[in-house]
Amino acid sequence: MENQKQQQALDTATFLRVRKWYLLALAMIALTIIVAQILIQQHLNLQLNDSRVINVAGRQRAFSQKLVKEVLLFGNTEPASKAREKIQNNLKQTLFVWKTSHSGLQNGNDSIGLPKETNKVIMKLFADLNPHHKAMVNAAEIILKERMDEDISPLAYETQLEVLLANESVFLNKMDAIVNEYDALSKEKLQKLKFKEYLLLALSLLILFLEVVFIFRPLSIQIRETISKLIQSQIKSENRASEVKRLFKEKERSLQQLQELNFVIDNAALFASIRKNGTVVFISKKFLNLLGITEIQWNVPLSEILTDDAGQQQYLREILTSKRKSIRNEEIEIRTKTEKPLWLDMSIIPMHHSSLEQSVLILCSDITERKKNQLKIEELTKQNYEERMQQKQLQASQIVEGQEEERKRIAKDIHDGIGQMLTALKFNIESINPDQKEKTKEKIAYLKTLASDLIKGVRTATFNLTPPELEDHGIFPALQKMTNELSKLTGKNILFENKAETHIRFDSLAETNIYRVTQEAVNNAIKYAEANYILVSINHVDGLLSVVIDDDGEGFDASILEKVVKHNSEGGMGIFFMKERTNYINGRLFINSIPGEGTRVTINYRVDESVLQTTN
């Protein structure tokens, strides 16, 4: 007994020691990971802001040239003409965007995602640039007649045009200097982040090394000694769990045995009269026959005549003897003295006599058959519900299976592609010897090529997951990008044709599902139909968005399409998900195919005109 207590104390001490050091090591690793993630996320946010700022700053140069071009067009058109009015509107829009972006680059603008500039060097460059920008703005505003009531004279136009042309080249040169400064600051931030990540990596590796040396190795011997006792404890726990499971099954069996079915009897009109204390004054013969009673003792409570069940008697006694002035209706289930179950529709009617003594009239109807029919309806409803639930479970399992297959595919792509390249990159970096300059140069050149391949692999993987064009620019550029990428990767003729007159943004959920269905159709044409020519065309007419995928593949018999989906083959799962995605956005999917002549997949989606967004 004393030895067992000592062993338990040793196990407790070992566990506490393992937990303390292990939690400490995990906390240190988690801390380094969290710090690394915070630094990375902060840098990514800064990179997003820097990218947006550089993009807007670069766009300023193009807008300055566009402004001068539109001023020249403005002067070359006839006054009061429609062409001049259109150019004037474009010039106003260009001037507004140019001014807003120029101000946002310095003072910040949340509407276009620009932070306030705090760098003194850049602000000094902007201070040198502002006079030229202001001069060009003033000249454009004078030409637009914002300061003049009448049309501008040719002489004034030429004067302001000379101001624009004189300041344009200076503006472009100074704006180039600002963009270059933005780029230099971004690279400097990236170098700092790299250095911090290397330090965190070294710290993590050091923590792992110390954990192996000072925790796992010394404690492995003690843990090995306690394994046998832990196994014995596990066996005892399993035996106890089996016993609990057996008791639970017995309890379920007992509950099932307590459930009983009701039996049907003929409906009948029944009545009885009782005193205010619940004792019987009169009861009809039909009532007695229904209850299976031949003789009764008068002046006994009606509750005792109706049933021998104590609980039912108590309930009946309460509703029959309670004082009330209005009629009360109750549907009551009873079990008679002959153990026959009955459902009674009971109306309790208070009766007042001249003697001021109250009596109660009981009118009943046998509704056992109606309750039976209700039970059948409930069973049928439950059966239908269970069938629907089984169908939903089947669909859910298919969806989960599809998701798992997609995860496996992504994991395989990352492991076979990006993972192998990262391993090669690591080994090549480790093998670099600074003393061997020639080999070092060769390895660095190879590392550059390998890094480029790695970046391409990452971009391909991220493109397959969620293409950035879909979120940023919509379904039209996303489909064009997809066809171009697949054409490069497969070497097949995969073309995109945009028949829509304008570039329109739709609901993001609809765009995502239409893109995925189109992607699945193109992949099916490549993988199963062995098509060499695939055409993806998109059109938007009268509120109907239509995407058509034509291929010159082998085709198939359309009559077996439902069988393929029903048996959950690999191709059938793809078609199943295509239909599910199309139905989810209230769209329609049509698949037409002729063996040997190719396949056409059509996706139709009715667009809500109130949420459309037209983009340039």
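Okay, a quick definition to start: two strands pair if DSSP finds at least two bridges between them. Helices (H or I, at least four residues) and strands (E, at least two) are DSSP runs, numbered from the N terminus.

What we're looking at is a predicted model, where local features need pLDDT of at least 70, side-chain atom pairs count only at pLDDT 80 or more, and totals for chains, interfaces and linings use all residues. Residues are numbered from 1 along each chain as its sequence is written, and side-chain values use heavy atoms, with hydrogens and water left out.

So, the strands. β8 (residues 533-541) and β9 run antiparallel, joined by eight bridges, and V536 sits opposite I549 in β9. Their hairpin has two residues between the strands, and D542 there takes a positive phi near 55°. β9 is also joined antiparallel to β11 (residues 598-606), again by eight bridges, with L545 opposite Y605.

Now the rings. Phe, Tyr and Trp rings (for Trp, the six-membered one) pair if their centres lie within 6.5 Å; planes under 30 degrees apart count as stacked, over 60 as edge-to-face and the rest as tilted. The whole structure has two such aromatic pairs. W98 and F171 are edge-to-face, 5.1 Å centre to centre with 65° between the planes. That pair links helix α2 (residues 82-107) to helix α4, 73 residues apart. W98 is buried, at 0% relative accessible area. The other pair, F476 and F506, is stacked, because the centres are 6.3 Å apart and the planes at 25°. Both of those are buried too.

Technical notes
Buried means under 20% relative accessible area, exposed over 50%, partly exposed in between (1.4 Å probe, protein chains only).
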